[in-house]
Structure formats: structure tokens, C-alpha cells
Amino acid sequence: MKLIDDSIEGYISVSHKDLLGQVGSVDGLKAKVTRLHTDVHDVQAAIQRMDMDIHKAHRGLQRTVRQLRNVDLCSAVLQRVLRFQSLIDTLQQLHLPPHPTSTSSSTDVAGTYSAASLALREAELLVADEHAAFQSLAVISPALPLLRTWRSDLTKHMKALLRLGMVAVDQVAIGSALQILYQLGPSTLSEHVQAAVNDALEDVEAKCSQSLQEGSFDESKLKADVWAALQTVLSTLSSHALQVWNLQRVLLKSSTAPLTTSSDAKSNPSEPPTTYLSLVLSPDEPTLFATFWDISCALVRDLLTQTLEYKASVVAAIVGYYPKLRVEAQEVVATLHTTSARLSLDTLVVCGSEAERDQLVDTALAPLLDAYQTRSFNRLASPIHLMFPQSSNYHASPPSRSDMTTLLKIMAHELDVAGSDAAFRAAILVGVRRSVELFCKSVRGMAHPSLSLPPTAQRTPAQAHNVGLVGICVQLQDALQEWPELETARDAVHALSVRLLGQYLTVLAVKLESILAAMHLETYADHPSSSAMVGSRFMVEFASVFHVMETEHLARLGLDPMTSVCRRTCVGELSTRLLSHATRQLALVRPLTEAGKCRLASDMAQLEMVLGNSLELSGLALEEFKAFRHLLFVDTANVTRDGRLDKVRPSNVCHHLLSRGPAGLQAPWQAKGWTIPTYVAWMETQAGLAQYSPVVMPADMPLGVACWKDRALAMAAEDVIWKEIHACLDAYAQRSSARGNRDVDALYDVLMDAGPSLLAGYEVATKAYLYPSKSRE
């Protein structure tokens, strides 16, 4: 209507002039408008009548559509009801066979099971897809309990058939059961497959628990019963693992096919087939075998842990069979891997990874391994406790070689039991290392800390006691050479033997060094009546005491000079210490004339001959000793130009040059107010430690010869000693200046120039060839 009014208004506006031309007066115009309004009302009434007719026809059409739709729905419902009644009739005509007791009997009635499952599934889907009112229909509701009964009976039969197929490793029976369970619905398949794996786990737990009950072991045949029980555990685990693997194999081989029900065909017309396994497990879930293997190994571990709480005799028998049980477990794993690799694709091969193998051998049997490891250590520690009793009433004496032989036999037996099994051997090696640590601790506790020499330098009972301990340490060290894995333990025993022998030889070295210090009681000034070939008194005493040490000490060490590393190490360091100390003492001899130099060189040759009779003289200390003998006859002005003097420590060169100077030029020991032995001991063991901290302190070394093994410490010591000598030179120059002497001795200038030059040359020599590569790094 609004549209009509707008049209009239528009027409009037456009045709205003024409309208005025056609109408002669206002009355004519009014009559014209009246007619127009009348025509409009007539049009509106016609339109309203037409609208009412249309609405009436639309309502009639809607009623007809609803009637037709109801007819269609009634037809569909009727079809479903008729189909449902047909399925119920089919189910009622089918008779399920008795509960299956074997796989052969169930395969004969597979058709009955399949038909029943398909009919049951289709009937369930018909009921499930409809409205709840459909289930309350008089023809539907009485049949619903029948459906539940059929589902319950059918799933029970299939569960039994699936279990029978798994036990018999019958793929046909397993496949039939899985197919019928799938026809009953994917969720039913997944539920009963998981239940089958759980049943297998429960069966494993029940059988293993029963076989490992403490009451099942007869004391009269305890070992036989224990071994039979352990074998039962492994065989049960193996058989059930194979059952689960076979189930997983059939699931992977079986694929879904379109069901014959009309509802499934309509809902999934083009759904691609998938494997049953994908219906049971999601892609990120572990396989059925992995789950079973993990849980069953954990069950076995818990059961074995409980057996360790049984009485001692049973526990001893169980733990004693661990090595044999470990071998059997490895064979079980190997058999499962070989079988799965032979009968299936790569995706189904099991026990091929190290993790799956370790789950049984290392994880499940871990409680027995820990117990066996403790037992192994106790067996190794028992002879050690017998060799080193802790009773205060016991007179401690070194163990005999027979005692050590017993210990080594037990050690070899324990390692032989492990064989080539790396993990088992590693566990046994832990106990062996602990026993070696216990042995070393016991040796340290039995060793005598004080080994002082009597005036006669004869061997004391305490020294003989410690030598006996060194002997058994060397015997153990030699035996450990057979097992490369025990290198750390062998090094610990070697370090202990070297330390004990080093402490012993240190006492001898201190005695000989005190005799060498007596050279300063001699006079090396010119004496016309004396001969350079006559030996000094200190050398006579040194040779006498050293002969006693040869016969009473070195010859009675009981260690082979050719093969014993401990003896060669300690005796070599003894010779290094004596030569180093002798060179230090010789450099401090003062005053020293030309005749005295010849006599001193004769004493040095005699000292080298005496030491060389029993000790193997070699190394840097010997090179320095010989070079120092050459230094005695080198002119003062040529000291810095003689290449052989690079092998002499700068401090020894400077000390010797001081002996050529005037009496007013003091040596550092004089300036400090020390005795010569005290000063020599400071240079050998203390100098440089404030500036440099070595990895091994001199006090911790067998004979304290750190400067001959650590280049950095040697250079630090030389720097400190040179500072002391430089201080003495400065003091001499100040005293001379205070007395009015402008000219100091020429040696002053030589030493001031030679000191830095000698230090630089010695540093280059140590880097180039004096010290081994380890010391230069």
C-alpha cells in the first residue's frame, strides 16, 4: 500500500501541469481525486483477498506435506521394526555351541558365531540409532534383554576362544575371535584385546608367585627346588610373552572389511580398511608386547625382591643361582628375538633393542644382581679380614704369600663366573675394586709409621714388617695385570707399595745425606803433603754405611730388580735424591783451592763408583753430577760460555762460584744463620713452593724428588734461590762501599752477569731436552 501511495504521489508531482490543464475548476479536481481514492481502495481490497487465498492454499499444502512425511517416517520405522524382528528371529533360530574348550572345536562353528555377531551388531545399531521412544515400542522392548544376553554370551565365548588361541599359539583361532569381536564393534575389540593382555599378566603373576613361595622349597632338596622355581619363572614369562606377541602379530595382519549391515554401508560407504591393531592402539601408544614386557619384568623384579626376605638358606640358594639364571634369561631374550625375526616383518621383531633385552636381564633380575654383588664382595673381603684382624690382642704380622694366593684365587673365580657378560662383569669389578680399596686401607693401617735406623744401620723389625707389606702389594699388583679393567685399582696398589718402600728408603737416604754433609768438616785448601788420590773421611764412612745398606736393606727387599716396577721406581728415585743432594753439598764446599778441586773430583768419582755398584745411575741428576765435576775446572770467566753447564742447576753454579770469592762474600746459608744441611734441605724440598703449587707436593712423593719431575717447580725454586744469592751480593757490595772500598772483587761482577744468563739458559735447556715431555706440557 505504501508503494501505491508513493506511486500516486510521484505521478501527481510529475503530471501536475497536465492535471491542471484537464481540470477546469477546483470542484473538478476534487471529483478527480475522489475517483482516484475510490480506485485505490478497490485495488487494496483485491490485493487483500488475493493474500488470503494464497495463505489458505499454503496451509493446505503444509498439511499435505506433513501427512506425506509421516507416511514416510512410518514406513522407515516399520522397515526398521520388521528388520529388527527379522534379526531377532535369526538370533532365536541360532543356537550358540557350548563354551569352547579347544581351538579345533570352535573353528567348526565359526559360521554360527559370525552370523550371530553380524545379526546382533545390526540389531544393536537399529536400536541405538533411533529415538528413545523406539526402544519402548511393544515389539522392540521385550527383545532388548535378549540382545544383552546374546552379547554377553557371545563375548564370553570369544574371550575364551581368544585365550585358547593365545595359549595354543593358533593364529586361526585368534583371528576368528578377533573378527567376531570386531563385528560386535571396534570398542568391543579393543576392550577384549586389552583384557586378554591383562589376563596374561595376571597369569604370569599368579604362576610366578606360586613357584616362588617360601613354603614350596623343601630343605632336603633346597637347591633343586629353587632352581626349578627359577626356571618356572623364566618359562612362564617366555611362553606368555610369545602369546602376546602372536596376538599382536594377528592384529597387524587382520584388516577391517565393510560389515554387511545396511546401516554401516550407509554411514561409511567409502571408508578405507585399516588393521585391527590401529583400532586397539593409538599411534603414540607402546605396542602390546612392549606393555606386557615392561609390566611383567617389573612383576618379576618385585617377586624376586620379596624372596630376599626369606630365611637365609633359601636366599643363599636363590642368590647363588644368579649367574646361571642370568645366562638362562639371556637365552630367553635371544629366543624371542630369533622367533619374532623369523616369523614376522621388521615391525614385529621384539627384544632386538638393548632396552628390551635389559628389561629382563638387568632390570627384572636387578635385586639378585645387587645381592650377588654384595655376596661377591663379602667373599673377597673375608680373606682380607683374616689377613688383617682388628683384634687388639693379635700381634700383627704381614700376610703370607699363601694368604695372598687364596685371595687371588677367589678374585679370579668371581671374575670367571661373570665371563664375557659386560654388565655382569662390571658389577663384579665394582666389588673387586672395593676389596682392593679395603686391602690398601688394611695395609696402611698395619704399616709402621716410624722406621728410624739404629746407629749400626741394621734393618729393624719395623722395617722388615713394612717390606713384607710391600711384597704382598707387589704380588697383588702383578696379579691385577691380568685384568685390564682394574687399571685404576692396580695403580692404587702400585702407589701404596711405592709409598711404603719410599718411606723406607727415605730413612736410608737421610742417613746417607747426613754422612755427605760431613764433607764440610773436611778441608779442601792447599796442603803440600796431601794427595788428591787419598779418599776423604766422609767417603770412607759413606762407603761403609752404604755397604751395610746394600746387604741389610736393598738385598733383602724381596723384589726382583729386573721385573719389579716398584723397586725400580723407588731405587731410581733414591739414586736421584742422593746424587742431587751430593751435588748441592759439593757446590757449597768452601774454601776450595786447585788441590782441593782435585781431591773433591776424586771424592765424586769414588761416590759415583760406590753408588753404581748397587744402584742404576741415570737421569738428569747423574748428568748434573758429571757436569758439576767438569765445572770444578772451568775458569770463572768462561762459566757462562760452557755448553755443558746447561745441565747444572744455576743455583749450584752460583754456589760454587761463591766458593771462589773472598771470605766477605757470604753464602745464603751464612746470611740466614742456617746450617748447611738445613739450607740444602730447604733448596730440595721448600724452595719455590710459595710461588708455585705443584700437583703433587714434595712431601707426598716417595722420596721427595719433586724438582726432578716438575719443570715449573724446578724453575720456581731456581728463581727463589737466585734471589737469595742476589741479596748476598748486594749486601757484600754495600759492606764494601761502607768500608770505603770502591772496587769489589771481580767475582761480584761475574755473578751479577752470570745469574740471569744461567737462569735463561737453564730454562731453555729444560724445555728442549732436560725434562720429559709430560713435564714440559
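**Ground rules.** I am working on a predicted model, where local features need pLDDT of at least 70, side-chain atom pairs count only at pLDDT 80 or more, and totals for chains, interfaces and linings use all residues. I number residues from 1 along each chain as its sequence is written, and side-chain values use heavy atoms, with hydrogens and water left out.

**Overview.** I found 31 helices and 0 strands in the protein chain; these are DSSP runs (H or I of at least four residues for helices, E of at least two for strands), numbered from the N terminus. Of the 777 residues, 45% are buried. I then looked at contacts (heavy atoms within 4.5 Å). Of those between residues at least 6 apart in sequence, 76% join residues at least 24 apart. The chain exposes about 39000 Å², with carbon and sulfur atoms supplying 55% of it; I took areas from the Shrake-Rupley method with a 1.4 Å probe, and for residues only the protein chains shown count as cover.

**Salt bridges.** I counted 20 of them, each being a side-chain nitrogen of Lys or Arg within 4 Å of a carboxyl oxygen of Asp or Glu. Back to my opening pair: the side chains of Arg-577 and Glu-513 meet in a salt bridge at 2.6 Å, N to O. Arg-577 sits in helix α23 (residues 565-587) and Glu-513 in helix α21 (residues 487-516), so the pair links distant parts of the chain, 64 residues apart.

Next I checked Arg-537 and Glu-522, whose closest N and O atoms are 3.8 Å apart. Arg-537 lies in helix α22 (residues 537-552) and Glu-522 in the loop between α21 and α22, so this pair ties together parts 15 residues apart in sequence. Arg-537 is exposed at 59% relative accessible area, whereas Glu-522 is buried at 10%.

Glu-724 belongs to helix α29 (residues 711-738) and Lys-672 to helix α27 (residues 668-672), 52 residues apart. Both are partly exposed: Glu-724 has 23% relative accessibility and Lys-672 has a relative accessible area of 33%. I also noted a network, joined by salt bridges that share partners, of Arg-584, Glu-624, Arg-649, Glu-684 and Glu-718.

**Helix α14.** Which residues of helix α14 (residues 312-320) are buried? I listed Val-314, Val-315, Ala-317, Ile-318 and Val-319. These pack against α10 (222-253), α13 (288-307), α15 (322-343) and α17 (366-387).

**Surface patch.** I found a nonpolar patch of about 360 Å² made by Val-43, Ile-47, Met-50 and Ile-54. Patch residues have over 30% relative accessible area and no salt bridge; like charges are joined within 9 Å, and nonpolar side chains (Val, Leu, Ile, Met, Phe, Trp, Tyr) within 5 Å. Val-43 lies in helix α3 (residues 26-93) and counts as partly exposed at 40% relative accessibility.

Notes:
Buried means under 20% relative accessible area, exposed over 50%, partly exposed in between (1.4 Å probe, protein chains only).
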